[in-house]
Amino acid sequence: MAAGELIYDGKEKKVYSTEDPDVVLIHYNDLVTAFGGIKRAVIKGKGVCNNNISAVTFQALHDAGVPNHFIRKVNDRDMLCRKIEIIPLQVIVRNRLAGTTARLLGLANGTRIPNTVYELRYNCDALSDPMINEHHAVALGLLTYEEIDYVLGLARKANAALIELFHKAGIELIDFKMEVGRTSDGQIIVSDEISPDNARLWDEKTGAVLDKDRFRHDLSDVTANYREVQERLNAVIKL
């Protein structure tokens, strides 16, 4: 299925129409950004890794009964996905406290917790994606209370499936960002990507960082670590 008109030009991905109005082609490029796009660089091969990793993670969600937009991988940089209307809401799933939330609560990065934390954020670049609660989400017209419960249910199922997947690859899932959208028939499904760009992934044995924090904090070998995640997952699931 060939790419048609460019309908979305994002920082790390481009989205093209196809001959099927309900299907889009997503192209992963090599741009990497952090801190709201302030820090950016082109890292050769990063897009190939994220396309391949997302194909595996979305397939794992499919297998666990979590509806998402992935249809199939086309090549190393492109995948076909169901077209969705973006809901500007992020669910941040935290199995440990790291990054902004750890700093907000005055805790060490990677603090172990007895529960899983689910945060809602309003996906708005101009406001730096502020944290909100379910009442804010309803007030903004993003979702109804019933839909929020449904989305949080998807997040719980996705987390369980991804923890198991990454564990098989010797990787601990510290946290990840989940985005959702509506299909043409009104179904809410998981969208965007699940990759080292929006998930914290640490080696289970060594604690080595295998995600975008390597770029954020000027660590070495960003692509090599993304490629390691890709290779470990490919050894677990064959597409």
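Helices (H or I, at least four residues) and strands (E, at least two) are DSSP runs, numbered from the N terminus.

**Ground rules**

I'm looking at a predicted model, where local features need pLDDT of at least 70, side-chain atom pairs count only at pLDDT 80 or more, and totals for chains, interfaces and linings use all residues. Residues are numbered from 1 along each chain as its sequence is written, and side-chain values use heavy atoms, with hydrogens and water left out.

I looked up Asp129 and found it in the loop between strand 9 (111-122) and strand 10 (131-132). Is Asp129 buried or exposed? Its relative accessibility is 18%, so Asp129 counts as buried. The cut-offs I use: buried is under 20% relative accessible area, exposed is over 50%, and partly exposed is in between (1.4 Å probe, protein chains only). Then I checked Asp129 against Gly36: they sit 93 residues apart along the chain, yet their C-alpha atoms are separated by 9.0 Å.

**Entry: two more pairs of that kind**

Strand 9 also holds Asn115. I have Asn115 down as partly exposed, at a relative accessible area of 43%. From Asn115 to Arg94 I count 21 residues in sequence and 8.8 Å in space, C-alpha to C-alpha.

Next came Lys13, which belongs to strand 2 (residues 13-17). This lysine is buried, with a relative accessible area of 11%.

**Entry: rings**

How many aromatic pairs does the structure hold? I found 1 aromatic pair. Phe58 and Phe70 make it, and they are stacked, with 6.3 Å centre to centre and 15 degrees between the planes. The pair links distant parts of the chain: Phe58 is in helix 1 (residues 46-63) and Phe70 is in strand 6 (residues 70-73), 12 residues apart.

I checked the burial of both partners. Phe58 is buried at a relative accessible area of 0%, and Phe70 is buried too, at 5%.

I also noted a lysine over a ring: Lys39 lies over the face of Phe215, 4.8 Å from the ring centre. The rule is that NZ of Lys or CZ of Arg must be within 6 Å of the ring centre and within 35 degrees of the ring normal.

I tested its length: at 1.5 Å a residue, helix 1 should span 26 Å, and its end C-alpha atoms are 26 Å apart, which agrees. The expected span is 1.5 Å times one less than the number of residues. Helix 4 (residues 145-168) passes as well: its 24 residues should span 34 Å, and its end C-alpha atoms are 35 Å apart, which agrees.

How do the helices pack? Helix 1 and helix 4 have axes that come within 9 Å and cross at roughly 125 degrees. Axes are lines fitted to C-alpha atoms, for helices over the stretch in contact, and angles run from 0 to 180 degrees between N-to-C directions. Helix 1 and helix 4 are therefore oblique to each other. (Under 35 degrees is roughly parallel, over 145 roughly antiparallel, 65 to 115 roughly perpendicular, the rest oblique.) Helix 1 and helix 6 pack at about 30 degrees with their axes 9 Å apart, and are therefore roughly parallel.

**Entry: positive phi**

Asp218 has a phi near 55 degrees and sits in the loop between helix 5 (213-216) and helix 6 (222-234). Asp218 is exposed, with a relative accessible area of 64%. Asp221 also has a positive phi, of about 55 degrees, and lies in the loop between helix 5 and helix 6. Asp221 is exposed at 52%.

Technical notes. Phe/Tyr/Trp six-rings, centres within 6.5 Å; stacked < 30°, edge-to-face > 60°.
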